[in-house]
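Subject: Structure handover

Hello,

Here is the structure for you to look over. My notes come after it.

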Amino acid sequence: IAKQLESNDPKIKRHALKAAIMAMLGGEAMPRILMQVIRFCINSDDKPLKKLCMLYWEVVPKYQEPSSDEVLRAAAGGQPVQRKLLPEMILVCNALMNDLNHPNEFVRGSMLRFLCKVKDEEILGPLIPSIKSCLQHRHQYVRKNAAMAVFHAHRLHGDTLIPDGPELMEAFISAETDIGARRNAFLMLYNESEELAIQFLAKNLDDVGKFGDGFALLVLDLTRKACRRDPNQKSRFVRVLFQMLSAESPAVSYEAAWTLISLSSSPTAIRAAAVTYTNLLNSQNDNNVKMIVLERLEKLKGKHSKILQELLPDIMRGLSSPNPDVCEKVLDVAMALVTHKNVADVVTTLKREVGKTTQESSDSSEEKGKVYRNMLIQAIHGCAVRFPDVAESVVHTLMDFLSSDGGMQVIIFVRAIVEKYPDLRPAILTKLINTVDEVTNTNVMCICLWILGEYCETSETVKDAFDTITAQLGEAPFIVQPKDKKAREEAAAAAAKGPKLVTKNVVLADGTYATQTMYSEPKVNSALDNTPNLRKMIVGGDIFLGSVVSSCLTKMCLRGADVGLDALTVKSMTVNSLLTMCGIVKMAEVTVSAQKSSLVDCSDRVTLCCRALLDPKANAILKQALLSEGKSSFAIFLKSIQGKEAKEESKEDVVSTQADDLIHFRQLKSLTAQAGDLDLDDGSDLARATGYADGNSLLTNELSHVYQLSGFADPVYAEAFVTVHDYDILLDILVINRTPNTLANLTVELSTMGDMKIVERPQSHTIGPLDQINIRASIKVSSTETGHIFGTIVYEDASTQEKGYINMNDIHMDIMDYIRPATCTDEVFRSMWAEFEWENKVAITTSITDLIEFLDHIVSSTNMKSLTPFDRNENGSFLAANLYAKSVFGEDALVNVSVEKKDDNDGKLAGYIRIRSKTQGIALSLGDRITSVQRGLPPKNE
């Protein structure tokens, strides 16, 4: 390296200086290189070499090593060791001064920036006059960095080196015109002389908006700092805060709004800040900015809901965002602000947005359409439940979407409205009868038929609904005829072949030849498309829908005589229903479908319906149950949902501290406290400071993440402390040299297994005898999967020149570090369960004998949340529950627990736990986790 530094080629010098810097960062002293750099590099005009020199001055030792006698005297309690600057550093200071007086402004500015990293008083002292002279330089780049250098020197050694720093900076900032230089000067006044900063701000209140964004953010910091220390100062800053609310920079206006809210709770200030937030919400394109602003609005909602209600139309404009997460957050905030006064406007806006989703279905917002439409329907549902006045105006609009992707949400909403508001039933039932032929989803059709069977209570609606359903069904049999089956197979085969490519030569009008290419597609048999949707579903083998149809027709026949239909009509309806039910059972027996296992249940259900229509005794027993208990059970279900929502709302308003609770001021307590006098605030202080409810849990948590990598008898002992930060894993490896020799080029070579990538590999180090060192490594994680980290420690013995290798123990990364409990609706859970293709089935083998206790153990061990409500006081022999969680990478984890307590198995639990996910890794890793923890409860700590 020393030889290369003497070269005349700047490239070779740069390469050598880089090598020297890397070696010194690795622990090498390299004392000979300092003089070589001073001789051959310090006066070079090569700009990259000058930059490398500055890096070299940062890492090079600048002081002489103390002698052994001085160290012994200091250890014996004598005079402390005095640091002595290396003689060579005088030459370095002279070179730095030359650069500070260099005619090139870039060289001056770079040197001033470098001086902001120098902390040694002996080096900075001779340079202070040159730094002060740079404040008067003609170029703003030099002045800007000179202001930062003055700030740095005054902060470290203000009393000795530059005691007049604040006054100097006050004169500088008054005459300065550059935005950056003024900002740096104000930064120094803000930190070193707050009163001078406030005085400058008071003189230039009208010009703050012209001083740039950086200056404005510093003013906001100064405002918060001064007002928290002395609340009486608020009046001095109110004017400038209101000015910054309308700043062009979104960062300044956002910070100004946040500052205003934190310092004042007056309605005027809150309204101005909220207006600023809504303007940012509607003017910014960045989705992250929108989410942050919505979080702020949500916090304001708790204490200042009346003010936000005035701005609700502006908040609803955020629904124009193409991002569904932003729209969901806007709806969450808006629905909490809906009142009797604004509900009509909100519902009008929501209906307009629902209409837009159908118009945009062919545009680029296709992916947003389905999810967004479901959100809007849920929001409208919530408004209709809370404010019955708007239910009638929205239900007819939403029923137009029964055949769309959001049909399930619409029909659930309609079902609840029909039960809660009897006055709206006739109009809703008439609309439903007219639109049932448009329904294409099987689950939506089932609910439509249930509503018609339960709530048609007049002779007209019963007759219309029965005629519509039977017309949709057609006549039995509900089996695909051989000729239709053959036609379908031929059409499917033709469609599978795709369009045919036909190429031929043609003569154009001008007599030239050309090649013409045509696509010929098979004709689609339009006769198949004329089949009603309900008949298509039944003929397609939907056994469950067939049983629902049978139940619906039976209820209408039983209710026909009660609502005033004549006996002949009821008789005709009964005969048609029986023929239809026979056809459905025949279809279930013949058709091969995925619901073949439901054949027995369907047959029993249809048999029960037939007996209720034919046997007078069965009619007397079953009529009341069929016509009344369904509605009553549904009403109880709706009440339970309302009770659950009321409990969740009451949880948000839990008072944590009562008005007459005792407040402990530790600073005011007497130092001569009596024995046994406990400080009741110790625990809460510790919890607030550490973030842990229990003071001992911090150490326990750290020790659980310490992994021993090598043995105590190995020449090098190593252990790693693993910290998981969502996407990153940080390894802090402690390496101890247990030999009496120096180990050179010691490297920890790491490898990973799984979706992990090493970002920062450990560097080589030299460790002295019986010395230790901490080595850091960074690993990036890309998916939720159990991974392994393994590797080898490689070193050279400096005395024997022999190489040594130590294989380290594996570090097993737990999937629980990435799993977070989450919640979702039952409909979303079922749709994801049907969509996800990876499933892991785990048999239950456990020593736990209580069902609830076993479920709680699985939930706590897997960081999941149970979506299934149950009564803990019930003593049953079977339990089924759905669990849900999300990973930090946004992956969904679904778990279904089906467990049974068998009396013939000594009361032991049996069953299966099924895990489903979109990726294989999370399904397998969760399965391994459940297998390892399900056997029994962990021992309780005494």
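Below is what was found, from the whole chain down to single residues.

First, the ground rules. This is a predicted model, where local features need pLDDT of at least 70, side-chain atom pairs count only at pLDDT 80 or more, and totals for chains, interfaces and linings use all residues. Residues are numbered from 1 along each chain as its sequence is written, and side-chain values use heavy atoms, with hydrogens and water left out.

**Whole chain**

The protein chain has 40 helices and 18 strands. Both are DSSP runs, numbered from the N terminus: helices are H or I with at least four residues, strands are E with at least two. Of its 942 residues, 43% count as buried. Buried means under 20% relative accessible area, exposed over 50%, and partly exposed in between, with a 1.4 Å probe and protein chains only. Among contacts (heavy atoms within 4.5 Å) with a separation of 6 or more, 64% join residues 24 or more positions apart.

**The five-stranded sheet**

An open antiparallel sheet runs in the order E3-E4-E5-E9-E7. Strands count as paired if DSSP finds at least two bridges between them. E3 (706–708) and E7 (756–760) are the edges; each has a single partner strand, so one side of each is left without a neighbour in the sheet. Neighbouring strands are turned by 30° against each other on average, direction ignored. Axes here are lines fitted to C-alpha atoms, for helices over the stretch in contact, and angles run from 0 to 180 degrees between N-to-C directions. Four bridges link E7 to E9 (residues 772–781), in the antiparallel sense. Met756 stands opposite Val781 in E9.

Asp755 sits in the loop between E6 (743–753) and E7. Its relative accessibility is 36%, so Asp755 counts as partly exposed. Asp755 and Glu785 are 30 residues apart in sequence, yet 7.1 Å apart in space, C-alpha to C-alpha.

Most residues other than glycine have a negative phi. Asn745, in strand E6, has a positive phi near 50°. Asn745 is partly exposed, at 41% relative accessibility. Leu770, in the loop between E8 (765–767) and E9, has a positive phi near 55°. Leu770 is exposed, with a relative accessible area of 64%.

**The E10–E11 hairpin**

E10 (residues 787–797) and E11 run antiparallel, joined by five bridges. Tyr795 stands opposite Gly804 in E11. Five residues lie between the strands, and Gln801 takes a positive phi near 60° in this hairpin.

**Cavities**

There are four cavities of 30 Å³ or more. A cavity is a set of points, on a 1 Å grid over the protein atoms alone, where a 1.4 Å probe fits but cannot get out; lining residues have an atom within 4 Å of a point. Grid points are joined across faces, edges and corners, and a volume is the space filled by probe spheres set on the points. The largest cavity has a volume of about 80 Å³. Its lining includes Cys41, Trp57 and Met111. H4 (47–59) and H6 (88–100) are the elements that give two or more residues to this lining. H4 supplies the largest share, four residues.

Best wishes

How values were computed:
1 Å grid on protein atoms, 1.4 Å probe; cavity = no way out; pocket = protein on both sides within 12 Å on 5 of 7 lines; lining within 4 Å.
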